[in-house]
Amino acid sequence: MILRRLAPAVQPLLSVVGAFVIAGVVVWACGGSPLEALTALVQGSCGSSTGLLRTLSKATPLLLSGLAVAVALRAGLFNIGAEGQLILGALAAAWAGHAFTGLPAWIHIPVCLAAGVFVGALWAAIPGALRAWRGSHEVIVTIMLNYLAIQLAHFLVNGAMKDPVSMAPATSMVEPSARLWAAADGSNFSAGFGLAVLAAVGVAVLLRHTALGFEIRAVGLGADAARVAGVNVGRTMISAMAISGGLAGLAGAIEVLGVHRRYLDAFSPGYGFDSIAVALLGGGGALGVTLSSLLFGGLSAGATHMEAWTHVPRQIAGIVQGVVIFSAGARYLKGRRR
Amino acid sequence: MSGPELAGFLLPLGVSALRQATPLVLAGLGGICSERVGIVNIALEGMMLAGAFSGLAAGRLAGPLVGVLAAVTVGMLVGLTHLWATRKLRLNHIVSGVAINLLALHSTTFLLRRLFSQADPPVEARIETMLPTALFTGLALALAVIFHLVLYHTPLGLRVRAVGESEASTRMAGVDTARVKMVGLAASGVLAGLAGAYLSLAQVGRFSDDMVSGRGFIALAAVVCGRWTPLGMAAAALAFGAFDALQFQLQGSVALPGELLRSIPYIATVVAAMALQPRPPADLGRQEE
Amino acid sequence: MRADTPPAVHMRNITKRYPGGVVANIEISLTVLPGTAHAVVGENGAGKSTLMGVLYGSVLPDAGSIEIGGAPVLLRRPADAIRHGIGLVTQHTTMIPALTALDNVLLGFEPIRLGTLDRQAGRRRVEELSAQAGIEVDWSASAVSLSVAALQKAEIVKALYRGARVLILDEPTATLAPAEADRLFAVVQGIVASGASVLFITHKLREVLEHSDHVTILRGGANTGDRVTSETSADELVSLMLGPDRSAIRPAEGPREGPRQAEVALQVNGLTVRGRGGRPAVHYADLSVRAGEVLGVAGVDGSGQRELAEAIIGLRPAISGSVTLCGDDVTGRSVAFRAAAGLAYVPEDRHREGLILDFDLSENLLLGRHRDASAGGGRFLQRRRVLADAERLLTEAGVASAGPAALASSLSGGNQQKVVVARALARQPRALVAMQPTRGLDVGASAAVYDAIRARTAAGMGVLLFSLDLDELREVSDRIAVMYNGRIAGVMDRDEAGVDRLGKLMTEGRT
């Protein structure tokens, strides 16, 4: 029984190990020492309390946007647009953070988070609706909406929403009442991590224990059977995309309220894209996504440390990610056919 | 605006538009080669990046022509990897594309630092002798016409179109569909690699992090807007290039924000995808059983 | 035929097992002589299509050998078979809709001039071949615009263009009107007269007797006989096709016990439905299913059954007409609404439409009832209740499984179908629409499926049963309607429904 429960974890683990081995070979081929690099990586990600907190802080947006991709994936949809949803969610939260003044924190913070969720959900509902009503492929549409979101945000923070007293393309700082609690040790760890874990629990409940989650999974695994059984497939797709976008928007909002305290142009190093790796490695489930976001968060936190100590460029972490998608993706999608 | 003034505005604009459109046309042709044989290709971005980097790296060692050769070869290998992943590993086409893009992005930045860089940032590698952009522009436009002829007037073109519509039926007609797909993906990689080489070896003469910066996706957008036809795609790519050039020309001078001009390809593509007018090949994205 | 002429095709001991253990062909041997029309007959699932796939290289056999014109050949892909002069016209067209008819024919064997595709030369050759065969097709039209009959003719020319000396036709008349079928056999005669061979698959005995020289009979994946057509009879063919135990015409059962109430469970009035390509597939269908009765619907495959069933349960919009369930008009309502109102559906394709194979049994049984509190559904699912409900349904239906947590894909076909039926009946529906509910099932599983349906019928459920199997329809239906070309051609009581009368209605639309 225990073995059967562990079985789904075997291939992801193997693909992670495989990816590390390949990365090690690359480091070695480029004249570095794989062992030293790995030691520095582990040191940086969990060798100290600051490192550990940094891992968790890096994992926060990955976890949320990974959940976003996973929810859509469970409905059989590829949300390549988490990046755009995250950006606009962040922008909305930053706006709500400084536009409302004089609110107590227990109201202001939820308002800002809700703004991020709402805008993210709306942005993601567009490709969902186009897929449901017009049959447009969500991948093409989400890719285009990513770039549109980037241009839109760029336009706004250089114009209408720009902080008048700052040189940088950024919004004004959010009110103190809108700021999440954060550690003061430079790790960027904030209460946002707790919110992300709550969101993971929420996604688990949604998928396992609600009628909507049941419909999402049914549409993902057998849209025809679901339709014949009376499920409104189009509406389910739109709902799944909206939830997905809401989670990505939440990721953006938390980055603003917990880390940057304002919207900074081009602040995202591609969380929305990394989230695809997180979701695939996590197998589309909440627990799996949580674990894989911790792995990638640690990788990202440790890579900077590794670069400083061993001169192995931190991009090796990205190579690990790419290899993981190749091997873990084969696993996730093999069992099902559209 | 007087006549000479207008010419003085339009001529550089046209030249600049062609320069911006060239990589889009090349990569777009690559997208057509892949999607017409049924393989979704969101990996154009990564193929271009791999081509741009390997072109520059080989170009520094042995001259720009060898660089182009290297870019094309690496592009082809990436294209065949995409085919292998989708057919043999049975990876979803999107998943494979995402993985290739990530791998290309991170391995080029990694290698850039490892092989060329001392300072950080900015990190870039330069090449002294550049290739003339007109060479690539002419080639791209000629190829668009040639591809049109090949697709509609040669046996290979007929087979390519048939495979994209229904691989099973094409196999039943006695065609070696695996070979057709291989040719398609190899050509896709070659063209995207060439587009990358244009960027690093002809347009700017250097490689910097993520220098393709979304052009692969705009090329894909041109494919969609051009309804998966070489000439339609080239027209869309030229239009996108013109908007890009216009935005450079108008920078800071007019109330028209550059972001809006830059957004036009994306908006156009969403509208095109919504209108369902551009019907993709029927077998596009089908997974191997 | 002289003894020293080698046979056009000699297949020896062909065996094919599909993954999952289904044996489609067991040591089948088949000899086709040159210049003859050779029929292969057998019921659905007898292994005909698999055998032809083996000969065309699209199905790889596990054992056996093939000789063509006396020489042993290895057919690993269709291209090999084409090279050896085998042509196949499949039941469902392989013409690619987006290409022209001409391009479809030339594909893979393109005439070349100066490196380009020489369509003119190709067209000349194609027109020459079609003139010889007595076929007329608009070659410049795209395949999507051609009728089924025209596509089939184009496919025949496509095979001839590839130099076919042995032409396989897989159920060529299944979707043809009788007059078109006659024209097809005229073409077949011409091809045979030219010295080539035609191998056609059918389950219509009349075609065998009228149009073939030799006939091979398959049953359950094995060859049960080879006959010269002129030396056999319909009775002999039937007994070879059905086997000794089934060949005797089954006596119709007496009236079943249970009420045959007068009120109408399901009423369909003037229903018109669009099919593929936008053409109406169902014209002004009127049907009335009384509570407690089984109304069977017979018809050649593709006569509009699927479209009619889908329009009734709400999957497909009707252009006009109405659907009434126990007096309530449900026209235009959603699938879910109709299901909640008491309309259940057993779809044709249980793998794609009936079940979600990667769901476990409890989830499959919940699907469609997942907003229903009595089944453990609702906004939040009550897992314990869902499991208990599933456990009960599985036991009642006699499903052999490892319990509610077993994946649907782990079940045998028969048990999968029991799950589909159990779910359909779980809400105690007032009317049931069933599409070929026993397709591909063995006798035991079929009986179980019908027992389950009968139990509810006895309690007053009306059943609309679509089937291609006339014997089955005559056994379980109280009345039988016949669909022909999208119309209800007739409705009769079971006692009046002789095979001849049904067959005539099915193929000609009148008696």
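1. Helix axes here are lines fitted to C-alpha atoms, over the stretch in contact, and angles run from 0 to 180 degrees between N-to-C directions. On that basis, α2 (residues 44–62) and α4 (residues 93–116) of chain B pack at about 20°, with axes 7 Å apart. Helices are DSSP runs of H or I, at least four residues, and strands are runs of E, at least two, numbered from the N terminus.

2. A word on conventions. The model is predicted: local features need pLDDT of at least 70, side-chain atom pairs count only at pLDDT 80 or more, and totals for chains, interfaces and linings use all residues. Residues are numbered from 1 along each chain as its sequence is written, while chains are lettered from A and ligands numbered from 1 in the order in which they are written.

3. Back to the helix pair. α2(B) and α4(B) are therefore roughly parallel (an angle under 35 degrees). Among the residues that meet are B:Leu49 and B:Phe53 from α2(B), and B:Leu103 and B:Leu111 from α4(B). By class, this contact has ten nonpolar residues, three polar and one charged. Nonpolar means Ala, Val, Leu, Ile, Met, Phe, Trp, Tyr, Cys and Pro; charged means Asp, Glu, Lys and Arg; the others, Gly among them, are polar.

4. Chains A and B. 35 residues of chain A contact 35 residues of chain B (C-beta atoms, placed from the backbone, within 7 Å). On the chain A side, α5, α6, α10 and α12 each give two or more residues. α12(A) gives the most, with eleven. That side has 22 nonpolar, ten polar and three charged residues.

5. Chains C and A. Here 23 residues of chain C contact 17 residues of chain A. α11 (335–340) and α12 (350–354) of chain C each supply at least two residues to the chain C side. Its classes are twelve nonpolar, six polar and five charged.

6. The sheet in chain C. Four strands form an open, antiparallel sheet in the order β14-β13-β16-β17. Strands pair if DSSP finds at least two bridges between them. β14(C) and β17(C) are the edges. Six bridges join β13(C) to β16(C), and C:Gln267 stands opposite C:Thr324. Helix α10(C) lies across β13, β14 and β16, at about 120° to β13(C).

7. Confidence. The complex has an ipTM of 0.88 and a pTM of 0.87. Chain C has a mean pLDDT (per-residue confidence, from 0 to 100) of 88, and 94% of its residues reach 70 or more. Treat residues 246–255 of chain C separately: pLDDT is below 50 there.

Key
Two residues are in contact if their C-beta atoms, placed from the backbone, lie within 7 Å. Angles under 35 degrees count as roughly parallel, over 145 as roughly antiparallel, 65 to 115 as roughly perpendicular and the rest as oblique. pLDDT is the predictor's confidence in each residue, from 0 to 100.
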